[in-house]
Amino acid sequence: MTLSYQNPGSTTFIPEIWDADLLTQFDPLLVWASSLVANNKYEGEIRKKGDVVHINSLLRSTVGDYTLPDGMTAQRPETVDQKLNITEANYIQLLVEDAERVQLAGGLDSPINQQMIRSLAREADTFMGNIIASAATALPAIKPTADNAPQSLYSAILDMMMALDDNDIPAGRYVVVSPRVKRYLIEHSSVANAAAYGEGGVTANGVIARLAGFTLLSTTAMPAGVDIVAGHSEFATYASQFTGFREGQSEKYRADYIDTLHLYGGKIVRYPDLDTKKTDNTFDESKTTKGIVKAAVTWPTS
């Protein structure tokens, strides 16, 4: 297909192809909204800001003892509804004097597009980090000294492991740390060795190492007052949709525009065996989740 601004022999600029490319370049920049920390299994069909994705949780059936002559008593399955609201709508719009120049400059690999993609990723990741941290169960503050910071922080992660173990949180866990925590953790031999000899691709999505049943990640997009967060991706969900690229003639300038709209939302997923069900058949979302824990670090002043 030849677009209106193109020469007959130049058809390499096809905006529809950019959607998949944008996702490919967008996803590796995420930590909180990555599949390591938040699942995306409930995305469904997102068309506009304000859409709602419904998540149904099936309550566990009661196990009975079979005896004669009582036999069996049938139960009806019961579900609890959770709503994932699509609350955010971010966009990028690029204005260029010649739309083909964007393609000739490298498409999404061009510096200006890379900066816009990073900005979108930062907004989404910060949003999801706040969702996760606000619902995490707080553990006592960590108080390392100047002499024992690596061991103190490593021990705190093991304490988080035990807290998750106590609630039967399954394998496949993550722990996200601030850059300052990362700086000291990497001095601990267990972390340093895991980082040095980790599996291929260990640095994708901010991954530092894999150890003690955790994928260890770091990001500068840490929520305020939180230095370490540990949990499982099943306890947070992130729904994201790019609505497709548009291109056309700017009404204000002698230039062409290219833009896309990013719609997304996130929530903490509740489970019948871990969370409180209210009388209206919903979960009490004012309480913290047992599947995610967090801690702050009180750093030594000298």
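**Group meeting: a walk through the model**

The protein chain has six helices and twelve strands; both are DSSP runs numbered from the N terminus, helices being H or I of at least four residues and strands E of at least two. This is a predicted model, where local features need pLDDT of at least 70, side-chain atom pairs count only at pLDDT 80 or more, and totals for chains, interfaces and linings use all residues. Residues are numbered from 1 along each chain as its sequence is written, and side-chain values use heavy atoms, with hydrogens and water left out.

Overall figures next. Of the 302 residues in the protein chain, 44% are buried. Buried means under 20% relative accessible area, exposed means over 50%, and partly exposed is in between, with a 1.4 Å probe and protein chains only. Take contacts (heavy atoms within 4.5 Å) between residues at least 6 apart in sequence: 77% of them join residues at least 24 apart. The accessible surface is about 16400 Å², and carbon and sulfur atoms hold 50% of that. Areas come from the Shrake-Rupley method with a 1.4 Å probe; for residues, only the protein chains shown count as cover.

Now the inside. A nonpolar core is a set of buried Ala, Val, Leu, Ile, Met, Phe, Trp, Tyr and Cys residues joined through side-chain atoms within 4.5 Å. The largest one has 62 residues, and F26, W32, I132, L185 and L216 touch the most other members. Helix 3, residues 111-135, gives the largest share of this core, nine residues. What does F26 touch, not counting residues up to four places away in sequence? The list is I117, L120, A121, A124, Y238, F242 and H262. Apart from this core lies another, of seven residues, including I46, I55, I86 and A239.

On to the strands. Strand 10 (246-249) and strand 11 (256-268) pair in the antiparallel sense over four bridges; pairing takes at least two DSSP bridges. A hairpin of six residues joins strand 10 to strand 11. G248 has Y257, in strand 11, as its bridge partner.

H54 sits in strand 1, residues 52-58. Is H54 buried or partly exposed? Partly exposed, because its relative accessible area is 48%. Beyond four places in sequence, H54 contacts D81, Q82 and K83. D81 is 27 residues away along the chain, yet the C-alpha atoms of H54 and D81 are 6.7 Å apart.

Last stop, M72. M72 lies in the loop between strand 1 and strand 2 (79-85). Its relative accessibility is 73%, so M72 counts as exposed.
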